[in-house]
Amino acid sequence: MRRALPRLYLVTTRDIVGDPEFAARAEAVLAAGDSRCALQVRGHGLDGGRLWETASRLAVAARRVGAEIWINDRIDVALGIRADGVQLGKASLPTREARRLLGGSVWIGRSVHAAEEATAARSEGADMALLGHVYETATHPQAKPLGPGILRQAAAARPIVAIGGITPDRVEEVMEAGAWGVAVVSGVWDATDPAAAARSYLEALERFSNFGAAEAVR
């Protein structure tokens, strides 16, 4: 059965992963998001063993509810836990080399910051481009936001996933600009009830008639 690229990406940071309560919170979020979301484990600076241990537990929880688990940068960890996808950054392996190592069944996302970078990522074989940051965000307080206009330009290289300062109220704007889906960090993990926050994003995404369309499939 062919599967569609997720619409909601729940992205972590090193501090989020390092929280003693993270695994339990993540399992609750995965249960709320089920097959409609992906947990993107990003923990820059964490040693491979710690990242593998955390991701292994969460991979079990994700598969239990039909959600996906992605790993940022660490292809060794992604292979070790049989991740559904990897997210590559500017300093990561080239997309073609990552594909050689991962095979054809694993999603590959590429983080980009301009419309032309999104086009290049797709031409190099990435399954999606993660574009950001679209709005002002505490994650990158000094960087100027791209705005929905750049997202609209980048959407020609669809599928594009938007990240950066996206609240449930802004989902409509980014989807109308051509985004395939959204990725969030603080919007979920800083919430008092992360599972409820994830549901709010999904409810906003589901207002679009094409939400269930398998435009990007494997």
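## Gln87 in strand β4

In this predicted model, Gln87 sits in strand β4. Gln87 counts as buried because its relative accessibility is 0%, against a cut-off of under 20%.

The side chain of Gln87 forms a polar contact with the side chain of Ser111, at 3.1 Å. Leaving aside residues up to four places away in sequence, Gln87 touches Gln40, the run Trp70, Ile71, Asn72 and Asp73, then Gly109, Arg110 and Ser111, and also Met128 and Leu130.

## The largest pocket

The largest pocket holds about 680 Å³ of space. Its lining comprises 40 residues, and those closest to the pocket centre are Arg42, His113, Thr139, His140 and Ile163.

Five elements each supply at least two lining residues: the strands β4 (85-88), β5 (107-112), β6 (128-132) and β8 (181-184), and the helix α9 (186-189). The top contributor is β6, with 3 residues. By class, the lining has 21 polar, 13 nonpolar and 6 charged residues.

## The nonpolar core

In soluble globular proteins, nonpolar side chains tend to be buried together. Here the largest nonpolar core contains 76 residues. Leu8, Tyr9, Leu10, Val174, Val188 and Trp189 have the most contacts inside this core.

Which residues does Trp189 touch, not counting those up to four places away in sequence? They are Leu10, Val11, Thr12, Ile16, Phe22, Arg25, Ala26, Val29 and Leu39. One of these, Leu10, is also among the core residues with the most contacts.

Definitions and conventions:
Residues are numbered from 1 along each chain as its sequence is written. This is a predicted model: local features need pLDDT of at least 70, side-chain atom pairs count only at pLDDT 80 or more; totals for chains, interfaces and linings use all residues. Side-chain values use heavy atoms; hydrogens and water are left out. On a 1 Å grid over the protein atoms alone, a cavity is a set of points where a 1.4 Å probe fits but cannot get out, and a pocket is an open set with protein on both sides within 12 Å along at least five of seven lines; lining residues have an atom within 4 Å of a point. Grid points are joined across faces, edges and corners, and a volume is the space filled by probe spheres set on the points. Helices (H or I, at least four residues) and strands (E, at least two) are DSSP runs, numbered from the N terminus. Ala, Val, Leu, Ile, Met, Phe, Trp, Tyr, Cys and Pro count as nonpolar, Asp, Glu, Lys and Arg as charged, and the others, Gly among them, as polar. A nonpolar core is a set of buried Ala, Val, Leu, Ile, Met, Phe, Trp, Tyr and Cys residues joined through side-chain atoms within 4.5 Å. Buried means under 20% relative accessible area, exposed over 50%, partly exposed in between (1.4 Å probe, protein chains only). Contact means heavy atoms within 4.5 Å. A polar contact is a pair of N or O atoms within 3.5 Å; within protein, one must be able to donate a hydrogen and the other to accept it, and residues adjacent in sequence count only if both atoms are side-chain atoms.
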